[in-house]
Amino acid sequence: MSKGRLYIVSGPSGSGKDTILKEVFQKCPEIFFSISSISRPMRPGEVEGEKYHFISKDEFLKLIDDDMLLEYNQFCGNYYGSPKQPVLDALNCGRDALLEVDVNGAAQVRKVMPEAVSIFIMPPSYAELHRRLSGRGTETEEVIGARMKTALQEIGRACEYDYIVVNDVLSEAVDDLIGIIRSQRFKTERQINIINEVLKNA
Ligand code: ADP
Ligand code: 5GP
């Protein structure tokens, strides 16, 4: 059995990652989603264990000390990290896995897993990003300001990614991301089993 493929999805806060990924996972439930551990306070509507495990800063620092994280970063004052073992287990079972991490986390993962496929979700414009971030209504003006500033640095690093998907029309962005994921499954290196199978039964 060939190993699963790792996908890294990043993009500025408000670019629509969660909205896109919700639809992607509905259409492709076979993909393993890595639930991050984070020290940010829970937002209204967020559910423990759905996208994030909400832990204290001390608990997070212990995860770092115990080498339990594949990558981690501080984003706008809070810690965010991807637990290592669940991702490795999924990949070893032949399951594709997806991490949603910021640009620094993505760079750390590429170092240890250069075969990972990375995708950057780009807003159609800076003004639209601000509209979406404000329209979501989950952050104060101060936090929105910090996130818009971070967004500029993140967009400046989009060229580190294998693919860029522009989230203008949502349904198109969802199809584009699924298209990228599905296309990797046809790579010859992942089709060795079928070659051997056909030859064996000839
Ligand atoms: P992120 O996960 O990247 O921080 P969200 O998925 O929370 O972003 O999206 C931010 C806001 O933008 C949400 O209110 C969401 O409904 C809206 N949104 C996402 N994609 C689109 C789109 N293609 N067109 C218009 N609004 C969108
Ligand atoms: P938010 O607070 O809006 O949920 O997420 C803020 C940022 O943290 C986003 O850019 C998101 O991609 C990133 N992020 C979420 N989980 C992780 C993680 O496990 N590791 C890293 N490095 N970034 C993460």
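## Exercises: two ligands in a predicted model

A backbone N or O atom of glycine 81 lies 3.2 Å from an oxygen atom of ligand 2. The model is predicted.

**Exercise 1.** Find which side chains make polar contacts with ligand 2, and state how much of ligand 2 the protein covers.

*Solution.* 
- Step 1. Recall the cut-off: a polar contact is a pair of N or O atoms within 3.5 Å.
- Step 2. Take serine 36. One of its polar side-chain atoms is 2.6 Å from an oxygen atom of ligand 2.
- Step 3. Take arginine 43. A polar atom in its side chain is 2.9 Å from an oxygen atom of ligand 2.
- Step 4. Turn to area. On its own, ligand 2 has 510 Å² of accessible area, and the protein covers 98% of it.

**Exercise 2.** Describe the shell around ligand 2.

*Solution.* 
- Step 1. Count the residues. There are 19 around ligand 2.
- Step 2. Pick out the closest: Ser36, Tyr52, Tyr80, Glu100 and Arg147.
- Step 3. Sort by class. Four are nonpolar, seven polar and eight charged.
- Step 4. Name the elements that give two or more residues: β5 (69–75) and β6 (78–83).

**Exercise 3.** Work out which side chains make polar contacts with ligand 1, and how much of ligand 1 is buried.

*Solution.* 
- Step 1. Start with lysine 17. A polar side-chain atom lies 2.8 Å from an oxygen atom of ligand 1.
- Step 2. Go to asparagine 167. A side-chain N or O atom is 2.8 Å from a nitrogen atom of ligand 1.
- Step 3. Finish with area. Ligand 1 alone exposes 560 Å², and the protein buries 75% of that.

Terms used
Residues are numbered from 1 along each chain as its sequence is written. Chains are lettered from A and ligands numbered from 1 in the order in which they are written. This is a predicted model: local features need pLDDT of at least 70, side-chain atom pairs count only at pLDDT 80 or more; totals for chains, interfaces and linings use all residues. Side-chain values use heavy atoms; hydrogens and water are left out. A polar contact is a pair of N or O atoms within 3.5 Å; within protein, one must be able to donate a hydrogen and the other to accept it, and residues adjacent in sequence count only if both atoms are side-chain atoms. Accessible areas come from the Shrake-Rupley method with a 1.4 Å probe; for residues, only the protein chains shown count as cover. A residue is near a molecule or strand if one of its heavy atoms lies within 4 Å of it. Helices (H or I, at least four residues) and strands (E, at least two) are DSSP runs, numbered from the N terminus. Ala, Val, Leu, Ile, Met, Phe, Trp, Tyr, Cys and Pro count as nonpolar, Asp, Glu, Lys and Arg as charged, and the others, Gly among them, as polar.
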